[in-house]
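Student: Please take a close look at one strand and its partner. Then place that part among its surroundings.

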Amino acid sequence: MPEILSDLTTVAVLASATMVPITLASVGEIVSERAGVVNIGLEGIMLLSAWASVVAFLIGGAGYLEAYMVGGLLGLLLGLLHGAISVYLKGDQIVTGIGLNIFAAGFTVLGTYALWGTFSNSPSFQPMPGIAVVAGVKVSPLVPLSIAAGVAAWLFLYRTVTGLRLRACGEDPRSAEAMGVNVGLYQLAAAGFAGLMAGIAGAYLSVDYQGVFAKNMTAGRGFIALANVAFSGWNPLVAVAGGYLFGLFQAAAISLNIALQEEAAASLINATPYLATLVVVVLVARRGFRAPRWLGRPFVKE
Amino acid sequence: MAAEPRPLVEMRGIVKVYPDGVKALDGVDFDVYRGEVHALLGENGAGKTTLMRILYGEIRATSGVILVDGRRVSWRGPWDAIRSGIAMVYQNFRLVEGLTVEENLLVYLSSLGLPRAEARRRVERVVEDLGLSVDMDAPVEKLPPGARQRVEIVKALSGGARLLILDEPTSNLTPLEARGLFKLIGKLREKGVAVVYITHKLREVVEVADRVTVLRRGKVVARVSRGSEGFNEERLAALMVGEVPRPSSPASRPLGGEVLAVKDLYVAGDDGSVRVKGVTFTVRGGEVLGIAGVAGNGQEELVEAIIGLRAPLRGYVEVLGRRVRSPRDFYEAGGAFIPGDRAKALSPELSVAENAAFIYYTASRALLLRPSRLASLFDKLVRSFGLKAGGPSTPVSSLSGGNQQKVLVGAEFMRGFKLLVAVNPTQGLDVATAAFVRRLIVEAASRGSAVLLISSDLDEVLELSHRVAVMSSGRIAGVLARGEATPERLGVLMGGS
């Protein structure tokens with residue numbers, strides 16, 4: 001019994017650690033999509049920020065906090081870039097997002113080689129120390145912060161006039177503009193916020209969670225976040241739960257792998273969190289959640 | 001409305017030349033007083049909407065001045081106008097569908113810098129003042145057009161509007177909703193709100209306006225006040241169109257052979273219920289058969305079965321002896337179709353020429369699209385059908401409704417046909433264009449084509465048809481020959497007795 005209990009605690013702690021990047025990216029993306037801008041480049045932004053914050057930490061001599069700031073700032077800039085291309089240049093949001101992903105995948109590998117002479121990963125380092133929550137169990141401060149971010153985003157979207165105006169942009173930018181909302185500005189800001197959150201998520205992965213930058217270390221988390229956005233019905237509170245769900249599946253998979261020590265089964269087990277999350281998304285998406293009407297379409301004024 | 005010394009808004013010598021050189025307005029003077037309903041009457045393209053967009057700050061006049069309360073103003077955009085108390089209610093409304101009524105009002109009023117509590121108070125006052133009932137928590141998408149329009153009016157007035165511009169306000173309303181609107185306009189007048197009523201519908205002008213300014217080709221051709229001579233539909237129609245349109249009527253000449261045969265047809269609707277219940281009729285070459293009836297009595301399903309879009313449960317449709325099982329059969333047998341809903345036949349983002357070509361080549365097996373052919377299609381639309389469009393590559397979405405209809409109708413007529421199935425072919429058209437389309441239909445029949453005309457406009461059916469069939473609850477309730485078809489007798493049949 002005590003062994004199972006400690007196993008469960010391990011899984012729970014692991015789940016709370018693995019939920020963070022998905023949750024952060026989902027919350028940012030929900031705000032962005034509510035304003036009408038979809039960014040499928042979350043994965044790329046996460047990866048670039050994960051890489052950049054390790055570079056700042058290992059080579060730039062930055063502390064953990066500064067490394068986080070570097071990751072977040074890069075994410076913000078990339079989000080703003082995506083926003084500007086989408087909003088002001090009326091570019092195709094999907095194409096821009098794909099571009100970000102492909103660029104990130106290539107650039108980080110090349111950058112890793114240029115700095116450390118190997119294509120696979122940076123040198124490892126001690127990850128950021130956690131803070132104690134209950135009875136000596138330590139987690140990253142980003143765990144409570146990511147939950148707080150979800151709550152704050154919900155309050156913003158549904159309990160402030162500014163949030164209401166932002167939602168109007170994603171539903172019907174033409175009417176919003178006619179009602180005096182500066183649609184372009186809202187969409188740009190929202191896209192920047194999504195980038196910022198994805199950037200922090202990336203920094204978390206490398207600096208806080210694993211203490212290394214490894215090739216393609218985001219491993220599809222950006223896409224799972226996108227699925228989670230839809231699954232949550234564009235509601236940040238549900239998205240936190242969705243992030244935790246993925247985290248649980250992943251923690252279970254990691255524990256199972258350690259327990260089984262079976263090389264062949266590992267790939268299959270590693271795939272389960274993704275599959276399970278997708279299944280849940282498909283099941284829940286049938287319940288008639290509605291996407292913002294103008295999602296992903298550039299708003300061209302007459 | 002002459003008692004007041006100074007108009008609320010005055011526009012003097014307004015000229016608007018668009019970048020492409022089109023002169024939309026040529027020295028227009030216009031004014032509105034408090035508590036006055038001023039109709040702005042004109043055909044599509046006469047410049048009435050352009051004039052009001054200038055007043056509303058959406059576009060700038062090339063020259064001319066605007067005075068509000070006697071002071072000269074110059075708008076940088078609509079928000080300058082809104083802050084001065086001028087608000088526009090668009091034909092298709094500008095409300096965010098995914099949000100509730102209250103949320104919409106809040107978005108608008110927060111743009112005016114009103115805090116939430118103040119916004120709520122103002123809305124309550126306006127709603128109470130006008131004696132309206134508005135469900136604040138209803139999502140806008142669930143509201144019928146009439147209710148959306150009331151929300152727009154509440155929105156404008158709680159934002160401090162003193163002048164409301166209503167752009168073709170009844171175009172999306174049911175007759176009952178329209179009556180509600182007229183009553184509301186009466187209340188606005190009592191409260192001293194000025195209303196500009198943009199329309200091309202003569203009956204409405206006579207019903208609601210205190211004064212009417214008639215625009216034709218960018219110029220004011222007349223100003224008529226209620227009570228004065230000439231404030232009636234006939235006179236205003238003449239002013240608006242320039243000539244009173246002559247009604248066309250079908251020529252009586254010997255009819256040709258049977259073109260369309262519908263035999264014992266049963267058709268199911270989308271919900272699976274039987275909507276057409278045993279309909280049999282034929283249309284011969286040179287004949288116009290009108291189908292009258294209250295919308296929703298199976299006309300839609302009947303038409304879709306005739307053009308091969310909906311498989312019948314029983315019975316059949318033949319065009320010139322060929323069984324119709326798909327739209328391809330229908331078109332290849334020589335059929336042409338004008339749907340009641342333009343949006344179903346045109347691709348808004350494609351160009352005028354592409355849309356025309358798409359219709360023109362419907363039954364063709366041609367492989368290549370030659371640019372020269374596209375250009376000539378466009379030229380013909382302009383020359384023969386009076387299309388007004390920038391050029392062959394102008395997207396259809398930027399055309400007015402009337403011109404879109406010309407593309408649709410023109411392309412079908414250029415293609416040539418032996419059978420025309422037309423559903424509300426003149427819906428939303430201005431008087432002159434509608435008369436033109438009716439003349440085309442009559443001419444097609446006199447050249448030997450068969451025409452099936454399904455229209456909710458009883459006058460149109462009576463004017464054009466040799467015979468009128470009345471549809472009621474999925475059946476043909478009766479067929480009347482021209483001459484015995486009077487609105488009264490048709491009305492009895494429509495009622496289903």
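This is a predicted model: local features need pLDDT of at least 70, side-chain atom pairs count only at pLDDT 80 or more; totals for chains, interfaces and linings use all residues.

Tutor: Start with strand β6 (residues 86-89) of chain B: Ile86(B) and Met88(B) point one way, Ala87(B) and Val89(B) the other way, and all are buried.

Residues are numbered from 1 along each chain as its sequence is written, while chains are lettered from A and ligands numbered from 1 in the order in which they are written.

Next, the partner. β6(B) pairs in the parallel sense with strand β7 (residues 163-167) of chain B, over four bridges. Pairing requires at least two DSSP bridges. Strands (E, at least two residues) and helices (H or I, at least four) are DSSP runs, numbered from the N terminus. Val89(B) has Leu166(B) as its bridge partner in β7(B).

Now the open sheet of chain B. Its four strands run in the order β2-β1-β4-β5, with antiparallel pairing. β2 (23-32) and β5 (71-73) of chain B each have a single partner strand, so one side of each is left without a neighbour in the sheet. From one strand to the next, the twist averages 25°. Angles run from 0 to 180 degrees between N-to-C directions; axes are lines fitted to C-alpha atoms, for helices over the stretch in contact. Five bridges join β1 (residues 9-17) and β4 (residues 63-68) of chain B. There, Val15(B) stands opposite Ser63(B) in β4(B). Helix α1 (residues 48-55) of chain B packs on the sheet and touches β1, β2 and β4 of chain B. The direction of α1(B) makes about 120° with that of β1(B).

Last, the neighbouring chain. The contact takes 14 residues from chain B and 16 from chain A. Contact means C-beta atoms, placed from the backbone, within 7 Å. On the side of chain A that touches chain B, α6(A) gives the largest share, six residues. That side divides into eight nonpolar, two polar and six charged residues. Nonpolar covers Ala, Val, Leu, Ile, Met, Phe, Trp, Tyr, Cys and Pro; charged covers Asp, Glu, Lys and Arg; the others, Gly among them, are polar.

Note on methods: Two residues are in contact if their C-beta atoms, placed from the backbone, lie within 7 Å. A residue is buried if 20 or more other C-beta atoms lie within 10 Å of its own, exposed if 12 or fewer, and partly exposed in between; C-beta atoms are placed from the backbone.
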